[in-house]
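This report walks through a few features of one model, beginning with a helix and moving on to the strands and the core. The sequence and the structure are shown below.

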Amino acid sequence: MTDRRQVNGSITFFYYKDIEAAAKFYDAVMGFDIIDDQGWAKIFQINTSAYMGVVDGEKGFYRVQDKNAVLLTLVVNDVWEWYEYLKGFGVKLLTEVQEKEDIQVRCFFLEDPGGYALEIQQFLKPELARTFKAR
């Protein structure tokens, strides 16, 4: 691939009625660093190569939907640690921790303040777990 067509990164944007509640959740609860606050859009760094943004649903490209059909999956080293941590914050948990033997993952689902679902997932296959280890 030539330098002209190289992708330098990606940001997934979610749209909210209450952007401040969403920003507080991703900052204070999830622990993501805000790297750019544009007022009606805020970009968070999840790790060295993953970013997500929250957008005011009245000002962004899209409008807030009643039901959002997108899922942000965060790959972690210890699902149980995250489960207990988020439970302690009173986060709306959609499931208990599950073992999905057919695809070799451990996971659970939660909901953010805007109704978006998040999955906290741990790969149980050692080769996939190594792929997603922090670098």
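## Helix α1 and its ends

In this predicted model, the N-terminal end of α1 is capped by Asp18, which places a side-chain oxygen 3.3 Å from the backbone nitrogen of Glu20. After α1 comes Gly31, a residue whose phi is positive, near 80 degrees.

Along α1 itself, the buried residues are Ile19, Ala22, Ala23, Phe25, Tyr26 and Val29. Among the elements that cover these buried residues of α1 are the strands β1, β3, β4, β8 and β9, together with the helix α2.

Strand β4, one of the elements covering the buried residues of α1, is largely enclosed by the rest of the structure, because 5 of its 7 residues are buried.

On pairing, β4 runs parallel to β1, with 6 bridges between the two strands, and within that strand β4 the bridge partner of Phe14 is Val54. With β3, by contrast, β4 pairs in the antiparallel sense, again over 6 bridges, and here Phe44 has Met52 of β4 as its bridge partner. The strands β3 and β4 form a hairpin, in which 2 residues lie between them.

## The nonpolar core

The largest nonpolar core comprises 29 residues, and those with the most contacts inside it are Tyr26, Met30, Val54, Leu86, Phe108, Leu110 and Ile120. Two or more residues of this core come from each of β1 (11–16), α1 (19–29), β3 (41–47), β4 (50–56), β5 (71–75), α2 (79–88), β8 (105–111) and β9 (117–123). The largest share, 6 residues, is given by α1.

Which residues does Leu86 touch, once its neighbours within four places in sequence are left aside? Leu86 is then in contact with Val29, Met30, Val91, Leu93, Phe108, Leu110 and Ile120. Of these contacts, Met30, Phe108, Leu110 and Ile120 are also named, like Leu86, among the residues with the most contacts inside the core.

Is Arg130 buried or exposed? The relative accessibility of Arg130 is 55%, and since residues over 50% are classed as exposed, Arg130 counts as exposed. Arg130 belongs to helix α3, which covers residues 126–131.

Arg130 can also be placed relative to Ile11: the two are 119 residues apart in sequence, and their C-alpha atoms are 23 Å apart in space.

Notes:
Residues numbered from 1 in each chain as written. Predicted model: local features only at pLDDT ≥ 70, side-chain atom pairs only at ≥ 80, totals over all residues. Heavy atoms only, no water. Core = buried A, V, L, I, M, F, W, Y, C linked by side-chain atoms within 4.5 Å. Buried < 20%, exposed > 50% of the residue type's maximum accessible area, 1.4 Å probe, protein only. Helix = DSSP H or I, 4+ residues; strand = E, 2+ residues; numbered from the N terminus. Contact = heavy atoms within 4.5 Å. Pairing = 2+ DSSP bridges. Polar contact = N/O pair within 3.5 Å; in protein donor to acceptor, adjacent residues only side chain to side chain.
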